[in-house]
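Open the model in your viewer and keep the selection tool at hand. This tour goes stop by stop.

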Amino acid sequence: MKPFSYERVATPAAAAAAFAAHPGARFIAGGTNLLDLMKLQIEQPAHLIDVQDLPFAQIEPTADGGLRIGALVRNTALAADPRVRRDYGVLSKAIVAGASAQLRNKATVGGNLLQRTRCPYFYDTNLPCNKRDPGSGCAAMGGISRIHAVVGTGAACICPFPSDMSVALRVLDAAVETVQTNGTTRSIPIADFHLLPGDTLPVGEFALQPGELITGVVLPPPLGGKHQFHKVRDRASYAFALVSVAAVIQPDGTGRIALGGVGTKPWRSGAADKLIPRGAKAVAARLLENAMPTDLNHYKILLTERTIAAVLAEAKG
Amino acid sequence: MKFDKPAGPNPIDQGKVIGKPTDRIDGRFKTTGTAKYAYERHDVAPHQAYGHVVGSAIAKGRIRSLNLAEARAAPGVVDIVTWQNAGAYGTLPTNPARLLAGPDIQHYHQAIALVVAESFEQARHAASLIRVDYDRADGEFDLAAQAKAAEAGKANAVPPTISKFGDFETAFAQAPVKLDARYTTPDQSHFMMEPHTSVAAWEGDTLHLWTSNQMIGWAADDLSQIFRIPRANIHVSSPYIGGGFGAKLRIKSDAMLAALAARVTGRAVKVALARPQVPNNTVHRPATAQRIQLAAGADGRLLAISHEGASGNLAGGRPENATSQTRLLYAAPHRQTIMRQTLLDLPEGNSMRAPGEAPGLMALEIAMDEMAEKLGLDPVEFRILNDTQVDPQDPSRPFSQRHLVECLKTGADRFGWARRNAKPAQTRDGAWLIGMGVAAGYRGNMITKSAARVRLETDGSLTVETDMTDIGTGSYTILAQTAAEMLGVPLSRVTVKLGDSTFPTSSGSGGQWGANNSTAGLFAACSKLREIVAQKLGLDPALADFADEKVRVGKRSLRLVDAARDGAIVAEDAIEYGDVANKVRVATFAAHFVEAAVHAFTGEVRIRRMLAVCDCGRILNPKAARSQVIGAMTMGVGGALMEDLGVDQRFGYFVHHDFAQYAVPVHADIPHQDVIFLDYPDDKSSPMKAKGVAELGLCGVGAAVVNAVYNATGVRLRDYPMTLDKHLAKLPMIA
């Protein structure tokens, strides 16, 4: 771990000022991902700005009947919130499917959106990785790519995006609210928040400007319907998704579906949603129509179809 | 004490303390954090510096240049130790890869330097500033290719080990029912909770090493060789160990580098391997490629068995002998085993819990399931039908005891095996396909000399000293139980001190030999103490009965404590084995039963129930033994379903080298486990009449899981781990 300095701020303005004074600084909240990466020399910030004291720890109703979730709300609190459990069950289910109770107690909503990939080559600084070391290459291509993405991949990166919560937010059409260093606020649709890696360097990851801070996530008014999150993994708990399906299915058989584990970002298609009444095969085929699987992760194509089938069968039952 | 004839009646048979499900006597220390593990030995030497191991970034080649300037200038750095400045050190014949490399590199993450600094963080940071230029050389990392070449006689590192009885080829060719199938098992990591850790300090020309090690005697011998100093000048201490599974049988880079750095710096130096270094820096269980051929008559009796197994290792490394149990498990007149070893440039392969038998049974016991199906026989019945009470290679040599049939029958009864549908893919529970599987387990019982010292203190309590280790197994407790039983004192009156090279040399912990041998060594010492005590008290040692802290002969009853009136009495002895076990086969047996559920849509596998029935001699402490078997069953589930180090053939290393990538079961994967011990004392094993248990618990589990999955789905899997991607496309259509 590279030596670093640390400060704790209480307002967005103070965070912006701290960032201006320390270009390249990283914000830290729960620290469940950043600290691991710092210990492994993958992230090496010279300065940390602790934002835990910022006033973004509330869950409150919005004027149009939705919910605003502060960026600092802990994952456990969000999953347990009665309004979330009642109206946004897919989000609650997705969160408890991730990590461990200890990590969820510490991890924040803002941090969860910003999880770095779990690609094993990203985690070993001896190996090429365009995400960690732009231009060094992608060791996952042609390597052990069983967990990697089949859609949204680029010429330089096939990393899967790990967050379960973000897949639920994608199916709910949430928006990410931010404040930039000059005080400007903006709202970024979740569909645009996570970037495709693209074919050029650096590898695309998040739609944030330097120093831009997530303040919260806004959920639109409740959708009704049946909320499901089916996460397929190599063991029963404490593992990242091979494939996950977040779904909201209405009594008339229409609905929405987003995928985790298969894409370089949470994966959804409006065209695929329209095919839900026609069944899993049609939906999966549309969602993964441009898939570029490797020999080792080709199974995710079929697994996606069968997991969607499981979710649709369950929605009927 | 020489064990040269079967054990007669002895005080252990009383079963007043031995055989009772006793809580660990060290449990309180562990649960309160007062049991000091190697990295917590802050008090043993002052002014400890922290070492961080730098591992090679390439798998094979040579260091062209090493630039330490920036690292040396980093805050807190005391020194950086490499092969260039470490001073003279020897190598070990038991280590095919050097513990400190340079300039030649033999495997990925092989240690090339130790950065020593005032704090752990400073050492780790400075390590990242070392600049190394390598000349990368091509290596061989592909077991599948090497195994194929070895089978064709082209790539054997050493001549194959071949064992043949009867005429396998002819018998196989002529048999009415046969199976010929290939199986693979992957490289696995021990991944015990506590990584390899050592603190080293020199006191003149005496080396102290506070470490985490299963075999204190071997550690002292090895250090003596490396540093070319008498063994008497080596002090090794390892009283508490956070797991080993074989990874700590021999000293590793942490120990050697701590000692070298302590010599270079004149400081005490503490080193722990970082978790991601453990698989590639140390040892692992090598992958295997196996072929099994079985032939039977229509009556279900095996006529011919062949088991071929190949593994790879560095030159001078040991093979993973997956075929060993096949020589002894089932009857058949015609049989052969062929073990091939190839050269690979991966890190060193070495013993991991039940080396040989664990991966061998993962294959053999699937083959037995397949063969039972071909014969239309129940897999339990098929195994019972082919049981043998003698060594199939030498019918004049019986097993000392063999209750495998009882294991299978008891297990089938208790598990509800009769409810299993012999036809696969017939049982549903909602979205889940349900199946049951069985496998037999076999593991040898190794015997080795083991010494102990026991002291009757002046207050009438006992102190036991032996360099035996407790790697989480319960050694402290069973040794205390042994002393308490032998001298007739309550357990609370026994203090046990372990893991120190100043104590008598024991069997150590490994190969499931620790419990039987170390308690037998203490039995010998306690027998001697009984004699001395009886004599002191003026009683006939042959007639003396030790109970309730008293010694009795007839109506004479004297207090044990009175024997130590003039000072503590010390007795030291060792158990040494004659040829009792050469005339018979002493081994351990198990039957494993598993109920598995497979998600009909996604292919996810979840274990529902597990049962192990174990035949492994006298059970010294049913609670500790049960914990061992439950842990082993859990490890078996990991091996069956998820554990795989993942070889990257391009870079020649294990990709899954941390707990995020190398999955082991979590609580949610293991819902219900039960263990039954048949508990037949075996008078041919030792005076304790006990045998090993900890490795037996693993032997066969993987195959039982896979056989249950097959029964659930009808899809036969032969390549471990059985991740869902391997059967998804073949699963039954979904509604």
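**Confidence.** Remember that this is a predicted model. Colour chain B by pLDDT. The mean for chain B is 97, and 100% of its residues reach 70 or more. For the complex, the predictor gives an ipTM of 0.97 and a pTM of 0.97.

**Gly61(B).** Select Gly61(B) next. You are in strand 3 of chain B, which covers residues 61-67. Is Gly61(B) buried or exposed? Its relative accessibility is 13%, so Gly61(B) counts as buried, the cut-off for buried being under 20%. Now show what surrounds it. Beyond its neighbours within four places in sequence, Gly61(B) contacts Pro103(B), Asp104(B) and Ile105(B), and also Asp135(B), Arg136(B) and Ala137(B). Then draw a distance to His403(B). From C-alpha to C-alpha, Gly61(B) and His403(B) are 52 Å apart in space, with a sequence separation of 342 residues.

**Helices 15 and 16.** Select residues 622-641 of chain B for helix 15 and residues 701-713 of chain B for helix 16. Their axes come within 8 Å and cross at roughly 55°. That angle makes helix 15 of chain B oblique to helix 16 of chain B. The crossing is right-handed. Which residues make the contact? Show side chains on Met633(B), Gly636(B), Val637(B), Ala640(B) and Leu641(B) from helix 15 of chain B.

Notes: Residues are numbered from 1 along each chain as its sequence is written. Chains are lettered from A and ligands numbered from 1 in the order in which they are written. This is a predicted model: local features need pLDDT of at least 70, side-chain atom pairs count only at pLDDT 80 or more; totals for chains, interfaces and linings use all residues. Side-chain values use heavy atoms; hydrogens and water are left out. Axes are lines fitted to C-alpha atoms, for helices over the stretch in contact, and angles run from 0 to 180 degrees between N-to-C directions. Helices (H or I, at least four residues) and strands (E, at least two) are DSSP runs, numbered from the N terminus. Angles under 35 degrees count as roughly parallel, over 145 as roughly antiparallel, 65 to 115 as roughly perpendicular and the rest as oblique. A crossing is left-handed if the near helix is turned anticlockwise from the far one by less than a right angle, and right-handed if clockwise. Contact means heavy atoms within 4.5 Å. pLDDT is the predictor's confidence in each residue, from 0 to 100. Buried means under 20% relative accessible area, exposed over 50%, partly exposed in between (1.4 Å probe, protein chains only).
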